Amino acid sequence: MSKAKSSRDRRINPPGVTRVTRSSITTTQDSQRIKPTDSGLVDDLSLMSVSEQQALLAREGKSYQSPSTKSVLSSASGNSVPRGALGTIGRLMKLGRVRNIVVVAGAGISTASGIPDFRTPGTGLYANLAKYDIPYPEAIFNIDYFSDNPHPFFSLAKELYPGHHRPNYVHYFIRMLHQKGLLLRMYTQNIDGLEKLCGIPDDKLVEAHGSFATAACHLCYTPYPAEEAKQAIMNGNVPICTFCAGAVKPNVVFFGEDLPEKYFQHAEDFPKADLLMIMGTSLKIEPFASLINTVKSTVPRLLLNRDAVGPFERRPLRRGDYMELGDLSDSVRKLAEILGWHTEIQDLMNSHENGVCSYTDPSSSSGENSDSSETDSMHRDALYV
């Protein structure tokens with residue numbers, strides 16, 4: 001048994017909290033078949049998007065025939081919105097039937113910022129690790145392998161630290177959900193810090209796989225100054241714990257490590273959700289991937305992704321599931337245009353990137369604008385994958 005494993009076994013979890021570790025193996029196949037309901041909200045989601053039709057027909061060797069007349073749904077304002085996944089969700093949001101949105105996000109939301117995802121063949125991070133001489137790609141994030149040989153991860157970490165990437169349109173769309181008072185919580189697998197950098201508040205964000213913002217000994221969990229750890233790593237050294245002499249690492253959750261305590265907010269958040277947005281994820285990592293199965297059966301689940309994943313690969317889809325496949329930034333921009341938010345998001349991006357952004361905090365009862373320049377400066381050193 002490695003020192004890392006024995007140390008983790010001695011770690012005491014909070015009372016009433018079951019120990020949950022990060023795993024690379026997906027074991028859940030949408031375990032429950034959801035019975036159809038008579039909910040009008042779910043009935044609104046019975047349409048299939050054009051992109052989904054195209055993907056399905058392509059797999060069957062058939063071609064998609066576009067209808068001669070574009071179908072539309074009427075919005076509450078009397079305007080028309082496109083028929084399909086985005087149009088349907090946009091309509092529900094404009095009607096005020098969605099007020100507590102939970103966003104579940106993976107590495108795909110950051111690819112437009114120039115950060116590779118993990119699993120895309122050829123371009124993903126796992127496809128480009130040969131130079132680190134590791135037995136298998138995921139070993140570089142395996143806590144037992146790190147305990148025996150921390151050097152491959154620290155070599156990679158030099159490329160993962162901050163300074164090269166900025167939030168993109170998808171991040172700012174999620175921040176706009178917050179500013180409109182619609183974001184209940186965002187659960188992200190990402191360790192790049194771009195969610196914080198774009199201004200999503202800490203209390204609205206759960207970084208399920210940790211971040212580079214803090215550091216600690218991987219054996220005894222004694223905190224270690226994050227900046228000192230960074231400097232050691234950048235200089236090619238291994239930061240050492242002054243208490244037990246174990247290797248110090250950033251507080252990124254490795255395979256086999258406990259998830260952060262904040263992750264367990266999902267037990268309260270997901271039952272409250274009235275819309276689940278799933279963005280840019282392969283749904284391959286447990287227990288994060290199974291979170292999407294914990295919303296109520298009447299709650300619509302919208303997948304915005306390059307490919308169908310998880311329960312969205314099943315045919316027929318669960319009643320209430322909906323997806324828009326293709327480029328994520330394009331899909332999110334289309335939804336923003338349906339909602340009438342596109343110009344606001346562009347203005348928010350421009351002002352925030354120039355460091356002069358102010359916005360109204362929906363949680364403030366006074367409704368007064370608060371200057372987020374302090375928040376901007378706090379997140380200027382956020383870290384990237």
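Modeller: Two strands pair if DSSP finds at least two bridges between them. Helices (H or I, at least four residues) and strands (E, at least two) are DSSP runs, numbered from the N terminus. This is a predicted model, in which local features need pLDDT of at least 70, side-chain atom pairs count only at pLDDT 80 or more, and totals for chains, interfaces and linings use all residues. Residues are numbered from 1 along each chain as its sequence is written, and side-chain values use heavy atoms, with hydrogens and water left out.

Biologist: In what order do the 6 strands of the open sheet lie?

Modeller: Strands of a sheet pair through backbone hydrogen bonds, either parallel or antiparallel. Here the order is S5-S4-S3-S9-S10-S11, with parallel pairing. The edge strands, S5 (205–207) and S11 (321–325), each pair on one side only. S4 and S5 are joined over 3 bridges.

Biologist: Which residues of H12 are buried?

Modeller: Buried means under 20% relative accessible area, exposed over 50%, partly exposed in between (1.4 Å probe, protein chains only). In H12, Ile345, Leu348, Met349 and His352 are buried. They lie on the same side of H12 because their arc, taken from the directions from the helix axis to the C-beta atoms, covers only 100°.

Biologist: How many residues has the largest nonpolar core?

Modeller: A nonpolar core is a set of buried Ala, Val, Leu, Ile, Met, Phe, Trp, Tyr and Cys residues joined through side-chain atoms within 4.5 Å. The largest has 39 residues; Met277 and Trp341 are among those with the most contacts inside it. H7 gives the most to this core, with 7 residues.
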